[in-house]
Amino acid sequence: MNYDLGKVGIEKDIQYECITTTINEDGVKNAGAFAFTYLGEDKVFCRIFEGSKTLKNIQNTKEYVVNVTQNPLVFTYATLDCLGNEYYTDDEDIAIIKNTLAYIIVDVENIEKKTPDDFPNKEDKNIFLITGKIREFVINDESAQAFNRGLSALIECLVNFSRYKIVDEEQRKVYMDNLIENQRIINKFSDEKTKKAIADLKEEYEKN
């Protein structure tokens, strides 16, 4: 089955920052801020480092929920592992963020373990590559848009550029180094429009 995730701004093969929610065998709900990638049709992908509650719950239940939200408190508390029960719906058999703009329920099809030796840049922990199939896609708000951190990186660089001509050479170097790092992130995770935008901005930086 094909799903039109473009309705919430999700393009194929681009990484988005969403809140992954799971539930354990005792009914305890958990949330984590993990990147999510749509592979096309009904296939999705995420990668999670060993040791998280989210990974353990996914391994046990073979399902998770991707919540599309722009709520800064939800992102923060999910990352700090302290998202309270008041943030979840009353569903007892699944964890869904209350008032989330949209959500995707995923059935896990495969979990592949990768060790630090599998990566050119060595990681400290094992990482698990998780592929799944969309079971349900719900839009609660037609304005829902998934968050891609490349846009935030671009905006930060634009703010710096607005000050570029009035700062000293030392600060200019800081701004340029920041742009180079943000361009690396954008080229790895963002869409073509954002990649073009940061490339055009870099050209303007280099003129000044």
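## Order of the elements

Starting at the N terminus, the elements of the protein chain follow the order β-β-β-α-β-α-β-β-α-α-α. That gives 5 helices and 6 strands, where helices (H or I, at least four residues) and strands (E, at least two) are DSSP runs numbered from the N terminus.

## About the model

This is a predicted model, in which local features need pLDDT of at least 70, side-chain atom pairs count only at pLDDT 80 or more, and totals for chains, interfaces and linings use all residues. Residues are numbered from 1 along each chain as its sequence is written, and side-chain values use heavy atoms, leaving out hydrogens and water.

The predictor's confidence in each residue is called pLDDT and runs from 0 to 100. Its mean for the protein chain is 93, with 97% of the residues at 70 or more. Among the elements, strand S4 (residues 63–68) has the highest mean pLDDT (98), and helix H5 (residues 192–207) the lowest (93).

## Size and burial

The C-alpha atoms fill a box of roughly 60 × 45 × 35 Å along the principal axes. Of the 208 residues in the protein chain, 44% are buried. Here, buried means under 20% relative accessible area, exposed over 50%, and partly exposed in between (1.4 Å probe, protein chains only).

Look for aspartate 91 in the loop between helix H2 (72–79) and strand S5 (102–114). Aspartate 91 is partly exposed, at 35% relative accessible area.

Glutamine 171 sits in helix H4 (residues 169–189). With a relative accessible area of 30%, glutamine 171 is partly exposed. Glutamine 171 and alanine 35 are 136 residues apart in sequence, and their C-alpha atoms are 32 Å apart in space.
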